[in-house]
Amino acid sequence: MRPHFALGAMVVAGVSVVGCGADDEVPPRFETTQALGEALFRDPQLSLDGTQSCATCHDPSHAFVDVRVEAEGVRRAVSLGDDGVSLGDRNAPSVAYAALGTALQVGRRERLNSQSSAYEGRLGGFFWDGRAVDLADQAGGPPLNPLEMGMPNPESVVARVFANPDYVDAFTWHYGEAVFDDDDRAYTAMTEAIADYERSPSVSSFDSRYDRSLEDPLNDALSLKEGLGKALFFSETDTNCATCHQVALNSNRSELFAAGEFHNIGVPVNTAVRDANGLGRAHVDHGLMRMTRDPDDDGKFKTPTLRNVAVTGPYMHNGAFADLRTVVLFYDHHFTASTHPINPETNARWAEPEVPATVNLEALREGGALDDFQIDALVCFLRTLTDARYEHLMPPDELGCAD
């Protein structure tokens, strides 16, 4: 616990700044909690060795994913920790659109454009296993994770915050002069500020070509191939995409493309992800069961948003697939009539599921097998879900999506 701290006037960037109080007239450098949260999100000093911030693994300039690469020049399947040695065991999901998620709950969801019956079970939450109850709870996890930012406890994080006068001024302005009297209170304030930043339009902009085509279909119409992909995606009979990746009607500009359900879709083990920080055998991830201890949850993970999916590889909870077309082929191979038995990234048959006992084949086999043109069309549609500021990051169009 820190003593009561009433900040007097100081000069920050040439501007007189005063703390929170009835007579205050000049706001702090971080005038809004969103601005404060963005600064905290980008600050590596909140990690043990001062080398890693939230933005390290969730880069705002790259759709909020980790774009660091291995020596071979390919993106890492899992993230490197602040100590430069530790490795996580799950692919870092994008923070973009996470604010639209809901708290973890057990409930029922009626599905749209789907032949499947309603989903019943766990819904929502944050992280791949939904263990965080809300966005602020999620923001509080990485600083204290020994494989990530490595801080030993909330008090050590708050000490780093307290050492920055701009932060002290902003915290006392937004959360009250007594905010640093209790470390837990200050840590919660930090997580709430980061959550406020993640709720901002700069993180979830809804300005993809898909969104623009809904707003102005005459000037921003999808191509014929993209339109076919869209029709396939939202079809009630041809595919199963919308079963788990549709929340609202397909004409809704705020569609998240993730309903928060938990499923085991048969993703294979990624042999590049090892137990014990790269030592020993390949890591088998039991997903939701790690939290619930329920065998029925073995290998289940929360359905991620498909927004920006064309630029947020590698894919799946363990980064098993590098290319988006491979992901679509993987889904298709579950059909007995599929003509895609080979993983193009390994030139071998698809590997066995990481956790075979609970694979949801009923949902995976809803719809029908696709031909190569339909596969390409789906990928073309998924490319249209890229926010405008990330369109330049998309791989070259080798599928003729503009045709």
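Predicted model: local features only at pLDDT ≥ 70, side-chain atom pairs only at ≥ 80, totals over all residues.
Biologist: Which residue caps the N-terminal end of α6?
Modeller: Look at the backbone nitrogen of Asp184. A side-chain oxygen lies 3.1 Å from that nitrogen, within the 3.5 Å cut-off for a polar contact. The oxygen belongs to the capping residue, Asp182.

Biologist: Which helices do the buried residues of α6 pack against?
Modeller: The buried residues of α6 include Ala186, Tyr187, Met190, Ile194 and Tyr197. The buried set of α6 packs against α1 (33-41), α2 (54-57), α3 (135-139), α4 (154-162) and α5 (165-175).

Biologist: At what angle do α1 and α5 pack?
Modeller: The crossing of α1 and α5 is left-handed. Thr33, Leu36, Ala39 and Leu40 of α1 meet Tyr167, Ala170, Phe171, His174 and Tyr175 of α5, and these residues divide into seven nonpolar, two polar and no charged. The helix axes are 11 Å apart, and the angle is about 145°.

Biologist: Is Ser86 buried or exposed?
Modeller: Ser86 is found in the loop between α2 and β3 (105-109). Its side chain is joined to that of Asp83 by a polar contact of 2.7 Å. Because its relative accessibility is 7%, under the 20% cut-off, Ser86 counts as buried.

How values were computed: Residues numbered from 1 in each chain as written. Heavy atoms only, no water. Buried < 20%, exposed > 50% of the residue type's maximum accessible area, 1.4 Å probe, protein only. Helix = DSSP H or I, 4+ residues; strand = E, 2+ residues; numbered from the N terminus. Contact = heavy atoms within 4.5 Å. Polar contact = N/O pair within 3.5 Å; in protein donor to acceptor, adjacent residues only side chain to side chain. Axes fitted to C-alpha atoms, helices over the stretch in contact; angles between N-to-C directions. Left-handed = near helix turned anticlockwise from the far one by under 90°. Nonpolar A, V, L, I, M, F, W, Y, C, P; charged D, E, K, R; others polar.
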